[in-house]
Amino acid sequence: MSTFEHEDHGTAAGSDAAAGHTRDIAEVPAVEVISTAAVHLMSAAAVKLGLADDPQAEDLKDLDEARKLITALAGFITAAAPEVGSQHAGPLRDGLRTLQLAFREASLIKDEPGKGPGEKFTGPVS
């Protein structure tokens, strides 16, 4: 069930709830939705890099999954940057770069320059 669906979608209460969600989303500026989505990708990548603030963070490490998330984040930020402006894109790019460097450090097999996660979108990171 999506965030926008309600168990009672056939009832008046369900319709009211769905309309309320639609109104709530309509009031949120696009830059906020884009930033929130980027932060979710960043957080997921950090967890997969074993960087979570959790005693068992190392057990959560999965570099294959982190690579996918970082690459998706890089494409997302690259595409969104012209739309959100440098004020919002700058911090997102900084967070992405930090994750790319953390991946490089965590990886036992080093990628060639320009071949790391997301580097096809950002260029080589060092």
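This is a predicted model: local features need pLDDT of at least 70, side-chain atom pairs count only at pLDDT 80 or more; totals for chains, interfaces and linings use all residues.
Tutor: Residues are numbered from 1 along each chain as its sequence is written, and side-chain values use heavy atoms, with hydrogens and water left out.

Student: What makes up the secondary structure of the chain?

Tutor: The chain has 5 helices and 0 strands, and its pattern along the sequence is α-α-α-α-α. Helices (H or I, at least four residues) and strands (E, at least two) are DSSP runs, numbered from the N terminus.

Student: Why are helix 3 and helix 4 called roughly antiparallel?

Tutor: Helix 3 covers residues 63-84 and helix 4 covers residues 86-106; they pack at an angle of about 160°, with their axes 10 Å apart. Axes are lines fitted to C-alpha atoms, for helices over the stretch in contact, and angles run from 0 to 180 degrees between N-to-C directions. Angles under 35 degrees count as roughly parallel, over 145 as roughly antiparallel, 65 to 115 as roughly perpendicular and the rest as oblique. Helix 3 is therefore roughly antiparallel to helix 4.

Student: What is the handedness of the crossing of helix 3 and helix 4?

Tutor: That crossing is left-handed.

Student: Which residues make the contact between helix 3 and helix 4?

Tutor: Contact means heavy atoms within 4.5 Å. Among the residues involved are Ile70, Leu73 and Ile77 of helix 3, and Leu92, Leu96 and Phe103 of helix 4. The residues of this contact divide into 14 nonpolar, 3 polar and 2 charged. Here Ala, Val, Leu, Ile, Met, Phe, Trp, Tyr, Cys and Pro count as nonpolar, Asp, Glu, Lys and Arg as charged, and the others, Gly among them, as polar.

Student: How do you know that helix 2 and helix 3 are roughly antiparallel?

Tutor: Helix 2 (residues 30-48) and helix 3 pack at an angle of about 160°, with their axes 9 Å apart. The two helices are therefore roughly antiparallel to each other, and their crossing is left-handed. Residues including Ile34, Leu41 and Met42 in helix 2 meet residues including Leu69, Leu73 and Phe76 in helix 3. This contact of helix 2 with helix 3 holds 17 nonpolar residues, no polar ones and 2 charged ones.

Student: What makes helix 2 roughly parallel, or roughly antiparallel, to helix 4?

Tutor: Helix 2 and helix 4 pack at an angle of about 10°, with their axes 11 Å apart. Helix 2 is therefore roughly parallel to helix 4. Val31, Ser35 and Met42 are among the residues of helix 2 that meet helix 4, where the partners include His88, Gly95 and Leu99. The contact divides into 8 nonpolar, 3 polar and no charged residues.

Student: How do alanine 37 and glutamate 32 count?

Tutor: Alanine 37 lies in helix 2; its relative accessibility is 30%, so it counts as partly exposed. The C-alpha atoms of alanine 37 and leucine 73 are separated by 9.1 Å. Glutamate 32 is also found in helix 2; at 43% relative accessibility, glutamate 32 therefore counts as partly exposed. The C-alpha atoms of glutamate 32 and histidine 88 are separated by 9.3 Å.

Student: What share of the chain is buried?

Tutor: Buried residues make up 29% of the 126 residues in the chain.

Note on methods. A crossing is left-handed if the near helix is turned anticlockwise from the far one by less than a right angle, and right-handed if clockwise. Buried means under 20% relative accessible area, exposed over 50%, partly exposed in between (1.4 Å probe, protein chains only).
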